[in-house]
Amino acid sequence: MSPPRRSPYLAACLALARQPRTRCAGLALAVALGLSACARPTRDVEPLAVDPALFAGTDCAQLVARRARISQALIFAGSAQDQIAADDRVRTLGVPTPMGTLFEGDREAEVARLKGELHAVNAQMEMQLCGPDFR
């Protein structure tokens with residue numbers, strides 16, 4: 001009777017277990033750093049804190065126009081960020097690789113700034129009591 005066959009995954013795990021801990025720790029650190037380099041989708045990006053007083057002294061019509069420009073810029077930057085995040089989820093041999101971040105750059109800072117500006121403009125509109133005509 002022949003011995004039971006081991007799966008290739010089990011053989012690989014046993015081979016890793018026999019290596020010194022320093023190699024395993026280094027490999028784990030490299031994998032963790034590689035995965036942390038992945039771009040986040042737009043919905044996961046927190047807005048940057050922007051003071052609504054930055055938009056003080058503007059009337060409601062100007063705030064509406066500013067909000068429209070910021071919203072449009074956020075749509076384009078968010079779409080680019082989501083595409084980069086999708087590219088980062090591409091898998092090579094089952095491991096996510098940050099290809100989008102490496103070749104296109106991350107737009108997370110721009111998305112965070114635009115989200116913060118949008119929140120600030122909306123807050124300023126509420127402070128100035130811009131009515132439903134401006135919503």
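The disulfide between Cys60 and Cys130 is left-handed because the torsion about its S-S bond is about -90 degrees. In this predicted model, local features need pLDDT of at least 70 and side-chain atom pairs count only at pLDDT 80 or more, whereas totals for chains, interfaces and linings use all residues. Residues are numbered from 1 along each chain as its sequence is written, and side-chain values use heavy atoms, with hydrogens and water left out.

A disulfide is taken as a pair of cysteine sulfur atoms within 2.5 Å, and by this rule the count is one. The bond links distant parts of the chain, with Cys60 in helix α3 (residues 60–88) and Cys130 in the segment after α5 (108–127), 70 residues apart; helices are DSSP runs of H or I with at least four residues, numbered from the N terminus.

| Residue | Relative accessibility | Class |
|---|---|---|
| Cys60 | 13% | buried |
| Cys130 | 7% | buried |
| Gln81 | 0% | buried |

Helix α3 has 29 residues and reaches 41 Å from its first C-alpha to its last, close to the 42 Å expected, a span defined as 1.5 Å times one less than the number of residues. Gln81 also lies in α3, and its side chain reaches the backbone nitrogen of Glu108 at 3.2 Å. Leaving aside neighbours within four places in sequence, Gln81 is in contact (heavy atoms within 4.5 Å) with residues including Ala39, Arg40, Thr42, Asp106 and Val111.

How values were computed. Helix = DSSP H or I, 4+ residues; strand = E, 2+ residues; numbered from the N terminus. Buried < 20%, exposed > 50% of the residue type's maximum accessible area, 1.4 Å probe, protein only. Polar contact = N/O pair within 3.5 Å; in protein donor to acceptor, adjacent residues only side chain to side chain.
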